[in-house]
Amino acid sequence: MRPDINTTLPPIKEIKPMVEIPDMSLWLYWGAIVSAVIVLAVALYFLVKKLWGIRRENRAKAWLEALHRIEWSDPKRAAYQATKYGRLLATDERRKELFSQLLPLLERYKYRKEVGPVDEETLKRFELYRNVCDESL
């Protein structure tokens, strides 16, 4: 014979209603995503800034090399080249000042059909400017 099951179990208590547990997982998920995006954006910014600086430095070296290759046998062409690359290299105050002094001397050899040979004053100013550019790069 089988014993009665109901007689051996304790009486059933009332079932309480479900309690709402605050769930922050969605906020943590989006917070982690936003934080990761911000960290990646900052890292990308510094990487691009560093690469741009290297590229800018290489450009300046190429411009300086172009200044060194200027041939003064053709004064008109040389004046245009010196103006172009000199303006690109004039980034700090000292170079800007020297370039502003050199520019009127170069203007005499531009915008004319026939030009004479380059005078010594222009060549000296150009050499000074080129030496200052050499020192700063």
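Ground rules. Residues are numbered from 1 along each chain as its sequence is written, and side-chain values use heavy atoms, with hydrogens and water left out. Since we have a predicted model, local features need pLDDT of at least 70 and side-chain atom pairs count only at pLDDT 80 or more, while totals for chains, interfaces and linings use all residues.

The core. The largest nonpolar core has 24 residues. A nonpolar core is a set of buried Ala, Val, Leu, Ile, Met, Phe, Trp, Tyr and Cys residues joined through side-chain atoms within 4.5 Å. Buried means under 20% relative accessible area, exposed over 50%, partly exposed in between, with a 1.4 Å probe and protein chains only. Leu67, Ile70, Trp72, Leu89, Phe126 and Tyr129 have the most contacts inside this core. Helices α2 (25-68), α3, α4 (93-107) and α5 each supply at least two of its residues. Helices here are DSSP runs of H or I, at least four residues, numbered from the N terminus.

Take Ile70. Beyond four places in sequence, Ile70 is in contact (heavy atoms within 4.5 Å) with Ala78, Gln81, Ala82 and Phe126.

Next, Thr122, in helix α5, residues 120-136. Is Thr122 buried or exposed? Buried, with a relative accessible area of 0%. Leaving out neighbours within four places, Thr122 contacts Leu102, Leu105, Leu106, Arg108 and Tyr109.

Last, Arg87, in helix α3, residues 75-89. Arg87 is partly exposed, at 48% relative accessible area. Not counting residues up to four places away, Arg87 touches Ala82, Phe99 and Leu103. Ser100 sits 13 residues along the chain from Arg87, with 9.2 Å between their C-alpha atoms.
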